[in-house]
Amino acid sequence: MPGAADDPTAPAPPPRRRPRPVVVVLAVLALLVLAWVVAVAVSGVQAARALQRVAAAAPALEGDLRAQRFAEAVPAAEDVAADAAAAARATGQLPYRAAEHVPWVGDQLRALSGGSLAAAALTEPLPRALTAAQVLLGDGLVAPDGTVDVAALQRLSPVVTDYASRLGVARAALARAQGPRVLDALGSRLEPVSRRLDEVAGPLRVAGALAPQLPAMLGAEGARTYLVAFTNPAEIRPVQGLVGAYAYVSVDEGRVSLVRTGSNDDLQDARSDVAVNGGEFLSLYGRDPDAALVQNLTVGAQADDAARLAVSLVADAGLPAPDAVVLVDPVGLSLLLGADQPPLQLGPFGEVATADLPEVLMRDAYVRYEDDNDAREAFLAAASAAAFEAVLHDGLSADALSGGREAVTSGHLAVWSSRPQEQEALVAAGLAGVLGDPGAAPPTAHVGLTNAAPSKLDYWVRAELELTPPCAAGAGEATGALQLTLTNTVPEEVPWYTRNQRHRSDPLLGRTARDVVSLWVPPQVGLDGASVDGTPVATAVDTEHGWRLVRLTVDVPPGEPVVVRWQLRGPAGALPVAVDAPATATTPEVRTTACAP
């Protein structure tokens, strides 16, 4: 019997429906999207976990670094570097990078990848940097025998410069990671990292600029001679103060030795060649017949000018011409020594704590040696040299290096090299004591004081600065103001040698300081007027190193504050929003007020 399948009259079965192409495509896309989402999620989770491990390890690692436990820190640094690299790899995969273009979600993914890239950039060289630092800094930069391991410094140099270059990469990655649409949970973790990078940017820039030059500066290519000029803000100058003592330091293959010390009495008959600083300096300061004397080496705006004059002066005195000059005052020495430095044994003053060094050198010595100028000069020379030798031989600890940075930024320490490449590095590192580029951001004003009557009264002069920036921005004309308040806190009884020598017998005038007040502003900034205690006064307006220089002279009697005010006008973008204070014996107070409309 024929089957139904063979029955020609039986209805045909319905044809099998083939999948439509669009359905197949959608199904494949769905699988791909799912796989992409999973890949992105897995990458994000991996990166987040790795960064969490980095964050968890960071405090202990930072503690080891601050305590200079370099060897103990290396294993933790290796783990941190591995985790950061893993996070960077996870967020660098193609699915993850593609997902960064998805609205809103991409903002969060970019935040995570930016943090990962920044962490990887900064931690990758950390283990080898710590290994090199342990060799060089394990017992301090300067060993107890007064030597620096120059070979170790040469090995550390490329690590430091690499680190300095990576900082820009890390900061750019974090900047890309931050934005208004990033969740607070992510932004709150990245923002402190950005702040910390801003904090270390300055020291890393200094290290990156100096590291390639340091071996030669420390005698790796032959002995180098440094003239250390000890200055004194009690008789103030724009560059720290009067040069009262000096020392010669030799550095040969890392071995540091103090060769000679002396006071400015040794240099009284010598004369510098003021022309070494060029025609502008001659015009501003060289007209004074005393410009070539040791007392006036530091009257210009910049430490490099003072250093060239010092080299010329000692050569005229028959002393060796140094390769470099260090200018430092008692405040700078105190900062270099640091609070943990053991007290110095300073002859008749016994043990002197670091914090008390400025007072002993700038006040107590004048009291004790009031009637014996030669003994006072000898003591100041010996004490300054002893303090500087202690700086060299305490190992230049982290605290001392931190204090050195503070001394430089506050104007109490500057270094100059006769070799152009080294000097460029010192300028780039901010160690050269120069005004800098008047067009650099942020626009900055500089204020200096010059003792205009022989005295040591500037020790008691306190300075306060109040800056009023413009409210506007850009190229439109705007106004601003800067106010300097000087207060003379001199006691009624002071040694005759410290008094105003032109009026030292007068109870009031003998204790009245007289100072030239100098203001340097960008050249586009004009002066609407200047006043002293509210009364308009005339000023001298010149140019120095590309800056507009405004000068006036004030008397500062005991007690009542003297207020100098400058009204400024010019393009809003050029008006000062920051100010560098004079290097007075006591740290000036600097305030910024509400902007000027």
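**Notes on the model**

1. Let me begin with a helix start. A side-chain oxygen of Asp329 comes to within 3.0 Å of the backbone nitrogen of Val331, at the start of H11. Please keep in mind that this is a predicted model.

2. Staying with H11, which covers residues 330-337, eight of its eight residues are buried, so the helix is largely enclosed by the rest of the structure. The buried residues include Pro330, Val331 and Gly332, and Ser334 is also among them. After H11 comes Gly338, with a positive phi near 80°.

3. Next, have a look at strand E12, residues 526-532. E12 runs antiparallel to E16 (residues 562-571), and six bridges join the two strands. E12 is also joined to E13 (residues 535-536), again antiparallel, by two bridges.

4. Which residues stand opposite Val532 in E16 and in E13? In E16 the residue is Val564, while in E13 it is Thr535.

5. Finally, a word on confidence. The average pLDDT for the chain is 86, and 89% of the residues score at least 70. Over residues 1-5, however, pLDDT stays under 50, and the model has one contact beyond four places in sequence for this stretch. Where pLDDT is low, the predicted coordinates should not be read in detail.

How values were computed: Residues numbered from 1 in each chain as written. Heavy atoms only, no water. Pairing = 2+ DSSP bridges. Helix = DSSP H or I, 4+ residues; strand = E, 2+ residues; numbered from the N terminus. Buried < 20%, exposed > 50% of the residue type's maximum accessible area, 1.4 Å probe, protein only. Polar contact = N/O pair within 3.5 Å; in protein donor to acceptor, adjacent residues only side chain to side chain. pLDDT = per-residue confidence, 0-100. Contact = heavy atoms within 4.5 Å.
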